[in-house]
Amino acid sequence: KASSNRASSLSPGHKLQTDEVITMDSGMIEFVFEQTGVHAIATAPLSLTAHQVDRIFLDRGDVKLHVPPQGVGFVVETAERKITDLGTSFVVSAKPDTSRVFVLDGEVEIGEEEGSHGRLMTKGEVAKIGKNGNIKLLSEATQGLPEREDTAIPFSPGNLRGQIFGIKS
């Protein structure tokens with residue numbers, strides 16, 4: 001069940017307002033920014049603020065965005081950095097003290113923070129952004145397959161571990 005600081009329960013057709021905070025403990029929510037055509041799918045646990053038609057703040061959760069040409073410049077902010085779309089599809093995950101960005105198609109720019117440099121990311125790249133804003137590139141693969149961050153996880157029957165970053169239809 002999704003709710004916000006303006007509605008106790010969100011339902012299809014709900015119109016997001018400036019600075020509306022969406023929270024969700026379980027499930028998935030899909031929304032479209034009508035003016036830009038930006039399409040987003042977010043999964044719980046989720047805390048997301050819709051600041052403007054071209055900017056959201058992701059405090060917690062995962063959001064996959066598809067940004068059409070008229071939406072270029074759409075911004076997803078996390079506590080660590082600002083991610084600006086440059087015409088793409090990408091996934092942003094936010095957890096306490098860390099964020100991840102996975103570019104499915106096109107390019108994004110991870111903005112500069114005080115004392116840190118920004119970075120351009122392209123299709124297939126995965127980056128982890130630490131609490132201090134430092135960017136660690138986890139993969140430079142062009143096939144969209146991120147490298148494992150920890151290769152020490154043992155495999156045994158019934159012990160599958162991993163993350164789904166995107167599924168091509």
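The protein has 11 strands and zero helices. From the N terminus on, its elements run β-β-β-β-β-β-β-β-β-β-β. The model is predicted. Of the 169 residues in the protein, 38% are buried. The accessible surface comes to about 9,900 Å², and carbon and sulfur atoms hold 49% of that. Among contacts with a separation of 6 or more, 31% link residues 24 or more positions apart.

**Salt bridges**

Side chains of opposite charge can pair when their charged atoms come close. The whole structure contains three salt bridges.

| Arg 55 | Glu 77 | 3.2 Å |

Glu 34 sits in the loop between strand S3 (28-33) and strand S4 (38-52), and Lys 15 in the loop between strand S1 (2-4) and strand S2 (20-24), so the pair ties together parts that are 19 residues apart in sequence. Both residues, Glu 34 and Lys 15, are exposed.

Next comes the bridge between Glu 77 and Arg 55. Glu 77 belongs to strand S6 and Arg 55 to strand S5 (residues 55-66), so this pair ties together parts that are 22 residues apart in sequence. Glu 77 is partly exposed, at 23% relative accessible area. Arg 55 is also partly exposed, at 22%.

Arg 119 is partly exposed, with a relative accessible area of 26%. Glu 125 is buried, at 8%.

**A buried glutamate without a salt bridge**

Glu 80 lies in the loop between strand S6 (75-77) and strand S7 (82-95). This residue is buried yet has no salt bridge. The nearest side chain of opposite charge, Lys 131, is 8.3 Å away. What does the side chain of Glu 80 reach at 3.4 Å? It reaches the backbone nitrogen of Thr 98. The side chains of Glu 80 and Ser 99 are joined by a polar contact of 2.4 Å.

**Aromatic rings**

A pair of aromatic rings is described by the distance of the centres and the angle of the planes. The structure holds two aromatic pairs. In one of them, the ring centres of Phe 31 and Phe 33 are 5.6 Å apart and the planes stand at 75°, so the pair is edge-to-face. Phe 31 and Phe 33 are both buried. Together with Phe 74, Phe 31 and Phe 33 form one aromatic cluster.

Terms used. Residues are numbered from 1 along each chain as its sequence is written. This is a predicted model: local features need pLDDT of at least 70, side-chain atom pairs count only at pLDDT 80 or more; totals for chains, interfaces and linings use all residues. Side-chain values use heavy atoms; hydrogens and water are left out. Rings of Phe, Tyr and Trp (its six-membered ring) pair if their centres lie within 6.5 Å; planes under 30 degrees apart count as stacked, over 60 as edge-to-face and the rest as tilted. Buried means under 20% relative accessible area, exposed over 50%, partly exposed in between (1.4 Å probe, protein chains only). Helices (H or I, at least four residues) and strands (E, at least two) are DSSP runs, numbered from the N terminus. Lys and Arg count as positive and Asp and Glu as negative; His and the chain ends are not counted. A salt bridge is a side-chain nitrogen of Lys or Arg within 4 Å of a carboxyl oxygen of Asp or Glu. A polar contact is a pair of N or O atoms within 3.5 Å; within protein, one must be able to donate a hydrogen and the other to accept it, and residues adjacent in sequence count only if both atoms are side-chain atoms. Contact means heavy atoms within 4.5 Å. Accessible areas come from the Shrake-Rupley method with a 1.4 Å probe; for residues, only the protein chains shown count as cover.
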